[in-house]
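Student: Can you walk me through this one? I'd like to start with the pocket.
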Amino acid sequence: MTGTDAQADRLAVLHAEAFVAPDTPWSAAAFADLLAQAGVFAVEHEGGFILMRAVADEAEILTLAVRPAARRRGLGAVLVGEGAVAAAARGASRIFLEVAEDNAGARALYARTGFAEAGRRRGYYAGIDGVRRDALVLELNLAATLP
């Protein structure tokens, strides 16, 4: 098993703990495929992680997962902050993400960390319950938020 395989396994286990119906957790194979792509990186803490891709002057949050037992303690904001610093170090000046419109907790986290709505993708998320949910596209201007 390679280091990337071990990391993919860790991320998949944590993702499965954090994402339950109607969300679909990602497999270890999906994480391994992403981690093998240029510009993809993870910031990990014991209770969670953020997976991002930085290309040219833009970064994207691919997923953020926090174990249920570690929620409401500020870890999500720490991960977003550390991910933003890592993305800026890779040349990004803006970060984008999609979040389900009905995910109030995630939307509140991103609002607290400086993200603003930049668009909407209708029916973007397909839950295991078969219901399609809209995604809000959020953006963070790193030049305005990082020292």
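Tutor: Helices (H or I, at least four residues) and strands (E, at least two) are DSSP runs, numbered from the N terminus. This is a predicted model, where local features need pLDDT of at least 70, side-chain atom pairs count only at pLDDT 80 or more, and totals for chains, interfaces and linings use all residues. Residues are numbered from 1 along each chain as its sequence is written, and side-chain values use heavy atoms, with hydrogens and water left out.

Student: Fine. What volume does the largest pocket have?
Tutor: About 1,100 Å³. On a 1 Å grid over the protein atoms alone, a pocket is an open set of points where a 1.4 Å probe fits, with protein on both sides within 12 Å along at least five of seven lines; lining residues have an atom within 4 Å of a point. Grid points are joined across faces, edges and corners, and the volume is the space filled by probe spheres set on the points.

Student: Which strands does β3 pair with?
Tutor: β2 and β3 run antiparallel, joined by 8 bridges. β3 and β4 pair in the parallel sense over 3 bridges. Two strands pair if DSSP finds at least two bridges between them. As for partners, Phe-49 bridges to Ala-65 in β3, and Glu-60 bridges to Phe-96 in β4.

Student: What about the β2 and β3 turn?
Tutor: The two strands form a hairpin with 2 residues between them. Ala-56, in the turn, has a positive phi of about 55 degrees.

Student: Is Ala-56 buried or exposed?
Tutor: Exposed, because its relative accessibility is 60%.

Student: Where is Arg-72, and what is its phi?
Tutor: Arg-72 is in the loop between β3 and α3. Its phi is near 65 degrees, a positive value in a residue other than glycine. Arg-72 is exposed too, with a relative accessible area of 86%.

Student: New topic, the largest nonpolar core. Which members touch the most others?
Tutor: Ile-50, Met-52, Ile-61, Ile-95, Tyr-110 and Phe-115, among 28 residues. A nonpolar core is a set of buried Ala, Val, Leu, Ile, Met, Phe, Trp, Tyr and Cys residues joined through side-chain atoms within 4.5 Å. The largest share of this core, 6 residues, comes from α3.

Student: What does Ile-61 touch?
Tutor: Ile-50, Leu-51, Met-52, Ile-95, Phe-96, Leu-97, Tyr-110 and Phe-115, not counting residues up to four places away in sequence. Contact means heavy atoms within 4.5 Å.

Student: What's in the second core?
Tutor: That separate core has 15 residues, including Ala-32, Leu-35, Leu-62 and Ala-65.

Technical notes:
Buried means under 20% relative accessible area, exposed over 50%, partly exposed in between (1.4 Å probe, protein chains only).
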